[in-house]
Amino acid sequence: MNYCEIKKTDIADGPGVRVTLFVSGCRHHCKGCFQPETWSFDYGRPFTEDTCKELIAALSKSYIKGLTLLGGEPMEPDNQRALLPFLREVREKLPEKNVWCYTGCTLENDLLKDAGNGYRTEVTDELLSLIDVLVDGEFVLEKRNLMLKFRGSENQRLIDLPVSLEEGRVITLSDE
């Protein structure tokens, strides 16, 4: 997996001050995407053990509320496989930090069942179990709404992932 950027103090992609990892590679190609360069799986730098150490060190700061995964597309199959060991380490070393993930996939159609588009993999369930909030759905330019908090278009949802997985239905969070 490659990544294009790490922001060590981000306040736009989740509550509080966060560390944000922008992964490379995305097949959604949303019209109006704010980072179309991340569509390429070869864009950026390789995600290495040193990258993981850098992220853990940044997340360890007391003022950091959590980690946000963006893209590109974190739920691309190869990205899932690369992110899983890293998220396991985050949960082990920093259990007090929350994890947000932005995806153009939808939880119930692409990730919880095999829709034949390749997003559901052998690691998807475990990866989802390590995420607190999933912001799902492709960005839709025609549904863009600048008044929404932590999302760009009205079709996207802020999903309380642990509760949704436990109850077997999508539970959304208010973005007030």
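## Secondary structure

In this predicted model, the protein chain contains five helices and seven strands. Their order along the sequence is β-β-β-α-β-α-β-α-α-β-β-α.

## Dimensions and packing

The radius of gyration of the protein chain is 15 Å, which agrees with the value near 16 Å that a compact globule of 176 residues would have. The C-alpha trace spans about 40 × 35 × 35 Å along its principal axes.

Of the 176 residues in the protein chain, 50% are buried.

## Surface and charge

The protein chain has an accessible surface of about 8,600 Å², and carbon and sulfur atoms contribute 50% of that area. Its charged side chains comprise 22 positive and 30 negative ones, and the centres of these two sets are 3 Å apart.

## Cysteines

A disulfide is a covalent bond that links the sulfur atoms of two cysteines. With a cut-off of 2.5 Å between cysteine sulfur atoms, the count of disulfides in the model is zero.

## Backbone geometry in the loops

The peptide bond between Gly71 and Gly72 is cis, with omega at about 20 degrees. Gly72 lies in the loop that runs between strand S4 (64–70) and helix H2 (77–93).

Positive phi values also occur at residues other than glycine, including His29, where phi is about 50 degrees. His29 belongs to the loop between strand S2 (17–23) and strand S3 (45–46), and its relative accessibility of 43% makes it partly exposed. Phe150 is a further non-glycine residue with a positive phi, in this case near 65 degrees. The loop that holds Phe150 is the one between strand S6 (133–136) and strand S7 (157–160); with a relative accessibility of 17%, Phe150 counts as buried, whereas His29 is partly exposed.

Terms used: Residues numbered from 1 in each chain as written. Predicted model: local features only at pLDDT ≥ 70, side-chain atom pairs only at ≥ 80, totals over all residues. Heavy atoms only, no water. Helix = DSSP H or I, 4+ residues; strand = E, 2+ residues; numbered from the N terminus. Rg over C-alpha atoms; globule rule 2.2 N^0.38 Å. Buried < 20%, exposed > 50% of the residue type's maximum accessible area, 1.4 Å probe, protein only. Areas by Shrake-Rupley, 256 points an atom, 1.4 Å probe, with all protein chains shown as cover. Lys, Arg positive; Asp, Glu negative; His and termini not counted. Charge placed at Lys NZ, Arg CZ, Asp CG, Glu CD.
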